[in-house]
Amino acid sequence: MRENAILQVPLEPERYELKATAPYCFDLDRRDFFKFLGAGVLIISVLKPALVAQESGGSGRRRGNSLPKEIDAWLHIGENGKVTVYTGKVEVGQNIRTSLSQAVAEELHVPIARIELVMGDTQLTPFDMGTFGSQTTPTMNLQLRRVAAAARDTLVALAAAQWKTDVEHLVADDGKVSDPQTNRSVEYAALTKGQQLTQLLPAEDPLIPATRWKVAGQSTLKVDGRDFVTGKHRYPSDQTLPGMWYGKVLRPPSFGATLVSVDTQKAEQMGGASIVRDGNFLGASAATTEQAEAAIAAIHAEWKSESQPSSNDLFAYLRKNASEGKDPTGDGDRIDTGNVDQALAAADHRLQQTYTVAYIAHVPLEPRAALAKWDGDNVTVWTGTQRPFGVRGQLAEAFRIPEDQVRVLMPDMGSGYGGKHTGETAIEAARLARAAKRPVKVVWTREEEFTWAYFRPAGVIDVTSGVRNDGTIAAWEFHNYNSGSAGIRTYYDIPNQRIVFHETQSPLRQGSYRALAATANHFARESHMDELAHTVKMDPLEFRLKNLKDERLRAVFQAAAKQFGWGKTRAAGQGFGMGGGYEKLGNIATFAEVSVDRKSGEVKVVRIVSAFECGAIVNPDNLRNQIEGSNVQGLGGALFEAIEFENGKILNGRMSEYRVPRFSDVPQLETVLLDRKDIPSVGAGECPMIGLAPAVANAIFDASAVRLRSLPMVPDGLKATAQSA
Amino acid sequence: MAAIHLTVNKHDYTVDADPQTSLLTVLREYLDLTGSKYGCGEGQCGACTVLVDGKAQRSCITKVGSVTQKQVTTIEGLASGGHLHLVQESFLDAGAMQCGYCTSGMIMSAVALLKRNPAPTESDIISFMDGNICRCGTYPRIVSAIQRAAKAAAPAAAGKGAGR
């Protein structure tokens with residue numbers, strides 16, 4: 001059923017991720033690259049120009065058909081036996097440096113310690129659109145397995161030729177090719193004998209099935225974990241270069257403010273700093289951060305502010321500024337099946353409710369950071385971003401230079417959660433470095449990160465449904481204003497559906513976020529399912545299963561229910577609830593236990609049980625880690641995180657004013673993994689988050705009979721929320 | 001500006017800095033010890049935690065002038081002779097990180113906790129560590145790493161009559 005659907009409809013586009021300007025893809029120095037690699041075996045692929053254009057966003061900025069032939073080098077086995085793998089994906093804490101190493105080790109048959117991944121370096125790695133949308137496991141993991149399998153086959157063929165035997169007789173294992181019949185064996189590294197062999201990646205290559213995995217499928221500790229517990233790893237904000245200065249930027253007093261006049265005389269007289277005014281950009285760099293800050297403080301600037309919307313009238317604003325509903329899937333039509341109006345009229349019960357979600361901040365613990373260095377008209381930038389190639393494009397655009405004069409490197413960074421797709425700090429550091437004629441590093445303060453980054457979109461969702469007395473859902477109408485279309489489709493079997501995404505003007509700068517709109521859409525859908533179950537007086541689990549045919553989703557609901565002990569009796573103030581769904585090709589069911597103190601209105605999430613299925617599991621312990629982390633992070637957005645703003649200013653843009661989950665917020669977390677070795681592996685960084693908010697909302701209702709339809713649900717406790725509602 | 005004498009990880013340093021400058025800035029920008037991280041600048045997240053005379057302190061809100069007579073230990077000074085500290089090992093073994101940006105601060109706080117309380121209960125750990133943020137949400141693993149370290153240290157402490 002859905003197996004076919006997966007093939008036909010790949011990943012739902014993340015509307016906000018696609019909004020960012022897409023990069024070109026010119027790699028003109030591949031020849032140098034081949035020289036730099038030296039002898040050994042190199043696996044390459046040639047990317048079709050059409051695909052390049054498509055992957056780079058098809059922005060139409062390419063000139064004519066004069067595309068260079070794209071050659072991507074993926075894997076190199078050196079004469080020292082070191083395996084170097086090149087991928088444009090980046091490590092942001094999702095632990096793909098380890099899981100991708102496992103994939104290569106599995107197919108290539110080398111110890112994992114011999115593998116090194118070069119990630120997100122625009123000069124060395126194949127073009128990649130970015131690390132988001134849970135795409136690394138379904139796409140890059142597969143790609144690198146194919147690359148590694150091709151390398152292994154090349155090496156086995158080399159050995160066969162040297163020994164004048166047939167490849168069928170030979171076995172690849174532990175970095176060696178051996179012939180069991182003659183007891184001969186040779187190290188991979190010895191096979192190339194000083195030559196550089198390039199092998200084109202074959203279109204098809206049989207891969208080792210998950211049932212026979214030895215390295216993949218196992219829990220493997222973070223490959224470079226030691227560097228992280230010793231402080232040795234250098235994050236983007238830790239990068240240094242000799243003679244480097246520190247940069248600061250003078251920010252406008254509010255969003256949309258324009259510069260009226262500026263006086264930099266005093267700052268310049270102080271000496272020791274390089275001051276830049278370029279259009280609306282005002283910045284300074286100096287030998288220490290303090291000196292740069294002092295220079296910024298000495299600049300006198302006058303700004304003109306325009307009146308801006310505030311969080312108090314956010315939801316009315318979103319509705320008022322909505323455009324006509326557009327198709328959520330991008331194929332030309334919005335979802336409209338059957339006859340919703342007729343079915344609603346004929347239903348035994350009709351229910352109409354509105355759900356809202358606030359803007360929230362990513363709060364990556366490492367704020368945006370970049371170190372830039374010019375060499376003539378060429379610029380190199382080390383920066384924390386999920387889209388190194390995208391940032392390369394932004395830099396080229398900002399400085400009006402070709403992309404082959406820009407190199408972006410992405411050292412494994414202090415997380416992103418969808419919040420670091422853009423290159424603000426890269427451009428700022430590069431601009432300041434150009435003026436200072438030396439390398440400059442810019443690290444945003446927490447306040448800058450809270451104010452000048454972008455937010456998860458706020459949204460309003462209207463749901464109207466019709467249900468029959470026997471618990472069959474007859475009609476489903478779903479309108480999402482602004483928060484996005486990811487996860488907007490319902491997986492419940494409903495004959496009459498109208499599902500519409502409405503774009504609106506956003507009062508704040510908004511963009512991608514872990515699980516993005518799927519959190520809002522699942523919150524609305526799964527809360528509404530609970531409300532419908534109560535309407536027809538059915539058990540919420542029974543009600544879901546009655547309307548759900550999808551076997552994989554049924555399986556996670558049933559597994560989580562079993563682990564949770566669904567159906568057990570509850571004490572006073574205790575409540576149970578569930579939520580779940582399907583997103584980024586993964587399946588999640590989340591069950592929550594909450595306790596509500598009726599006197600104080602304090603809500604405590606006591607226990608969370610998640611059952612998750614993402615095909616064949618690549619690294620079970622890391623998978624658990626991602627699911628636990630999704631639940632903990634999800635608690636913030638569900639219970640108390642919200643950005644407050646007024647007239648172009650953020651009101652709670654500090655860590656002391658914006659509450660994120662801490663140790664004491666964490667419930668007991670239990671995870672059930674369903675390992676489907678017969679289904680290709682997919683990502684797990686986002687999907688596990690989507691069931692949490694509705695599960696908690698439904699449990700709060702179960703405990704208190706108070707239905708909460710706005711995220712965050714209890715920023716100041718249930719009492720305050722219930723009173724203000 | 002003034003010449004400030006500092007002892008960090010048992011090395012003596014002299015830096016030319018304003019005594020009001022934060023210890024974190026001096027560590028990172030003057031001494032190139034970048035293991036201590038900036039997360040919030042107001043002592044709210046714990047990413048910058050170091051030990052000052054064995055006690056956990058937020059280096060982002062500590063003036064460098066206030067630690068001149070004291071022993072400062074950062075994450076870089078925790079391992080000795082190539083051997084990881086027990087807490088570092090237990091974080092590795094428990095897989096108690098994702099992006100790892102909070103890890104230095106978490107480890108330094110945990111070391112301070114175990115110095116003060118070698119056998120903390122789960123709620124001791126939670127209340128002591130509540131000032132450290134892990135945005136990736138690996139809290140349960142960090143608790144378990146600290147429990148692991150405490151357990152591993154217990155026989156050693158009993159045998160030698162002292163903690164690490």
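Start at the contact of the two chains: select 46 residues of chain A and 45 of chain B, where a contact means C-beta atoms, placed from the backbone, within 7 Å. On the chain B side, color helix 1 (23-30), helix 2 (86-93), helix 3 (103-116), helix 4 (122-129) and helix 5 (139-160), the elements that each give two or more residues to the side touching chain A. Helices here are DSSP runs of H or I with at least four residues, numbered from the N terminus. That side of chain B splits into 20 nonpolar, 16 polar and nine charged residues, with Ala, Val, Leu, Ile, Met, Phe, Trp, Tyr, Cys and Pro as nonpolar, Asp, Glu, Lys and Arg as charged, and the others, Gly among them, as polar.

Quick note before moving on: this is a predicted model, in which local features need pLDDT of at least 70, side-chain atom pairs count only at pLDDT 80 or more, and totals for chains, interfaces and linings use all residues. Residues are numbered from 1 along each chain as its sequence is written, while chains are lettered from A and ligands numbered from 1 in the order written.

Domain 1 of chain A puts 25 residues against 22 of domain 2, and its side has eleven nonpolar, eight polar and six charged residues.

Last stop: helix 19 of chain A, residues 692-704. Twelve of its 13 residues are buried, so the rest of the structure largely encloses it; buried means 20 or more other C-beta atoms, placed from the backbone, within 10 Å of a residue's own. Among them are A:Pro694, A:Asn698, A:Phe701 and A:Asp702. Step past the helix to A:Ala705, where phi is positive, near 65 degrees.

Definitions and conventions: The expected span of a helix is 1.5 Å times one less than its number of residues.
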